[in-house]
Amino acid sequence: QVIQPPVVPNLQSLAMKSVPIYDNKWGVDDKWETKFFEEVEALPPSQSTKTIAELLIGFFRFYTQTCNWSAHAVCLRLSQPGCAIDKFSLATPTFPEQWYVEDPFDL
């Protein structure tokens with residue numbers, strides 16, 4: 001789920017220098033982009049005016065009423081505003097009845 005304005009920006013999308021990691025973990029040569037913006041103290045304060053309660057209610061509402069778990073995944077690495085992530089396009093095999101939450105540290 002991505003809200004506008006964001007509470008915290010996507011640190012990977014703010015990074016400028018590429019930091020690729022190559023592996024063969026799943027039997028296929030893969031290249032993962034691991035860059036992220038490290039100077040978090042330089043980020044401006046959030047423009048979000050939502051309370052913690054509003055954010056929590058919105059989180060649960062999205063994942064219980066809006067998210068199509070049979071087709072989509074939770075993927076912080078690829079998340080974009082208004083864009084659902086096709087869970088069948090990600091590295092780990094899955095089935096329609098399974099929830100898919102990608103661990104960004106276990107690619």
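# Close-up views of a predicted protein model

**Figure 1. Overview of the fold.** The protein has 2 helices and 4 strands, and the elements run α-β-β-α-β-β from the N terminus on. The model shown here, and in every view below, is predicted. Taken along the principal axes, the C-alpha atoms of the protein fill a box of roughly 45 × 35 × 20 Å. Of the 107 residues in the protein, 18% are buried, and the protein exposes about 8,100 Å², of which carbon and sulfur atoms supply 61%. Among the contacts with a separation of 6 or more, 44% are between residues 24 or more positions apart.

Figure 2. One aromatic cluster is formed by F59, F60, F62, Y63, W69 and W99, and a search of the whole structure finds 5 aromatic pairs. In one of these pairs, the rings of F62 and Y63 have their centres 4.8 Å apart and their planes at 90 degrees, an angle over 60 degrees, so the pair counts as edge-to-face.

Figure 3. The residues L56, F59 and F60 make a nonpolar surface patch of about 290 Å². L56 is located in helix α2, which covers residues 52-66, and L56 is partly exposed, its relative accessible area being 45%.

Figure 4. N10 is placed in the segment before α1 (11-14) and, with a relative accessibility of 26%, counts as partly exposed. The side chain of N10 reaches the backbone nitrogen of Q12 at 2.8 Å. When residues up to four places away in sequence are not counted, N10 touches L76 and S79.

Figure 5. Q12, whose backbone nitrogen is reached by the side chain of N10, is found in helix α1. At a relative accessibility of 18%, Q12 lies under the 20% limit and so counts as buried. Leaving aside neighbours within four places in sequence, Q12 is in contact with E33, T34, K35, F36 and R77.

Figure 6. S48 lies in the loop between β2 (30-33) and α2 and counts as buried, with a relative accessibility of 19%. A polar atom of the side chain of S48 lies 3.4 Å from the backbone nitrogen of K50. Apart from neighbours within four places in sequence, S48 is in contact with P5, P6 and V7. One of these residues, P5, is placed in the segment before α1, and the peptide bond that joins Q4 and P5 is cis, with omega at about -5 degrees.

**Figure 7. D103 and its separation from two other residues.** D103 is placed in the segment after β4 and, at 38% relative accessibility, counts as partly exposed. The C-alpha atoms of D103 and N10 are separated by 16 Å, and these residues are 93 residues apart along the chain. From D103 to F37, the distance in space is 19 Å, C-alpha to C-alpha, and the separation in sequence is 66 residues.

Notes: Residues are numbered from 1 along each chain as its sequence is written. This is a predicted model: local features need pLDDT of at least 70, side-chain atom pairs count only at pLDDT 80 or more; totals for chains, interfaces and linings use all residues. Side-chain values use heavy atoms; hydrogens and water are left out. Buried means under 20% relative accessible area, exposed over 50%, partly exposed in between (1.4 Å probe, protein chains only). Contact means heavy atoms within 4.5 Å. A polar contact is a pair of N or O atoms within 3.5 Å; within protein, one must be able to donate a hydrogen and the other to accept it, and residues adjacent in sequence count only if both atoms are side-chain atoms. Patches are made of residues with over 30% relative accessible area and no salt bridge: like charges are joined within 9 Å, nonpolar side chains (Val, Leu, Ile, Met, Phe, Trp, Tyr) within 5 Å. Accessible areas come from the Shrake-Rupley method with a 1.4 Å probe; for residues, only the protein chains shown count as cover. A salt bridge is a side-chain nitrogen of Lys or Arg within 4 Å of a carboxyl oxygen of Asp or Glu. Rings of Phe, Tyr and Trp (its six-membered ring) pair if their centres lie within 6.5 Å; planes under 30 degrees apart count as stacked, over 60 as edge-to-face and the rest as tilted.
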